[in-house]
Amino acid sequence: MLYKSRNVLFMNIGGVDTLIPLAQNICDRMPILRLNDTGSEIWKMTGFGSELSDLVSRLALFYDLSEDDMEDFRRDITDFTDQLIDCHAIVTEPDDKKSMPGFKLPALTTLPSAIGLSAAGLDLLLHTDKKYIHPDLRAFISDTPAAESHQDVFFSSEKTAAKEFDPVIDDPLLTLYEYENGYLYHHPANRSLKDMFVSKDARCCVMYTDDIDSEALPEELFFALRESYLYLASLHDMYCLHSASVKYQNSDEALLFSGPSGMGKSTHTGLWNKYENTSYINGDLNLLALEDGVPVIKGIPWCGTSGICDNRTHPVRAVTLLQKGPENIIIPMDETDIITGVFMRITSPRFDRDMTEKIIDFLNRFCSGIRVRKLSCTVSEEAVKTIKKELF
């Protein structure tokens, strides 16, 4: 039997039926798949369980095929469904979502001297000592009372209960469990901060550490806070794009350059700095938002290894998707390419269909107000000149 994976979302984007990976399928590197008419019919007919032979028969009837066409048609359908199985879009056993238990929180203590962090109008209130705060967070410490919708971050030395159900994500760096009232992030590689719980309304976050004085804690806390913050930001319709950004000359407009890790984002923005006198905004992550319908990026403290970030808001002129190539050329994109290309560089949570649909809806609105281009490029001044012609 063939079943649709629950870790795939079927959506029409820009007039094209598309399969989008969710949760574990993202970790397994499932690509975004564009479906032709036959692929769409196969997906729809698979339903909640279908035999391959039944699919072939129903499709043959749908297309009114003769017996002479059946051998090639059966082979084509088998090859296509095998591809969907290989990338986990279709599974061979039922993939129903199980009922979720509630997560039991430990006793939590609020501190009158809690440390406030503020970024993009969102506040985190850390109930801990300042010595555990990473140096890169200090520029974002705020003495202003936290907003009503802030997130309280607590610390506990208790151990989380053993998990007796399958995770949403199972990856060497992150195991994620969904509970009725929140998400439990487990970081197997961490030395001190192994677990973090974030409530579904993002109002409460609990960091679990059995070694509060570990020298590893500030850095592990820094990256755990990024995960809890990005979940909070997603509830406020703001999403993080893996990209480097620069401010163009005397303008306040931001140019974003996005691509896979190791693509050369920092190298390319360095070329803009050298040849176009641009200044840096963030070297690795940019928080996308809409202010009165205008696409902007908002400052956050997380910036990869670049060390480059600020706490300001900048209007966005363009997003360029980068790829390495032997020459400098603009690669044509249709509306589907634009939305899915930017979507695949989003690092905000997309654990389920609702989260993913919200991101796609946001990107439709965000990208309609900016230029989005794809550049295959070398490390050269000519690369800057090629994309500049498209952006200005």
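Here is a quick tour of the fold, its sheets, its cores and its cysteines.

This is a predicted model, so local features need pLDDT of at least 70 and side-chain atom pairs count only at pLDDT 80 or more, while totals for chains, interfaces and linings use all residues. Residues are numbered from 1 along each chain as its sequence is written, and side-chain values use heavy atoms, with hydrogens and water left out.

**Overall build**

The protein has nine helices and 22 strands, taken as DSSP runs numbered from the N terminus (helices are H or I with at least four residues, strands are E with at least two). Its radius of gyration is 23 Å, close to the 21 Å that the globule rule gives for 392 residues, so the protein is as compact as a globular protein of that length. That radius is taken over C-alpha atoms, and the rule is 2.2 Å times the number of residues to the power 0.38. Along its principal axes, the C-alpha trace spans about 80 × 55 × 35 Å. Of the 392 residues, 51% count as buried (under 20% relative accessible area; exposed is over 50% and partly exposed is in between, with a 1.4 Å probe and protein chains only). As for contacts (heavy atoms within 4.5 Å), take those between residues at least 6 apart in sequence: 64% of them join residues at least 24 apart.

**Two open sheets**

Strands pair here if DSSP finds at least two bridges between them.

| β2-β3-β4 | antiparallel | β2 (8-13) and β4 (33-34) |

Six bridges join β2 to the antiparallel β3 (residues 16-21), and V8 sits opposite P21 in β3. Helix α7 (residues 335-343) lies across β2, β3 and β4, running at about 5° to β3. Such angles run from 0 to 180 degrees between N-to-C directions, with axes being lines fitted to C-alpha atoms (for helices, over the stretch in contact).

**Nonpolar cores**

A nonpolar core is a set of buried Ala, Val, Leu, Ile, Met, Phe, Trp, Tyr and Cys residues joined through side-chain atoms within 4.5 Å. The largest one has 76 residues, and those with the most contacts inside it include Y185, Y229 and L363. Helix α5 (residues 217-235) gives the most to this core, with 10 residues. Leaving aside neighbours within four places in sequence, L363 is in contact with L288, I339, V342, F343, I346 and S368. Apart from this core lies another of 20 residues, among them V8, L33, I42 and A60.

**Cysteines**

How many disulfides are there? Counting pairs of cysteine sulfur atoms within 2.5 Å, the total is zero. For C240, the nearest cysteine sulfur is that of C303, 11 Å away; C240 is buried, with a relative accessible area of 0%. For C377, the nearest is that of C367, 19 Å away, and C377 is buried too, at 8%.
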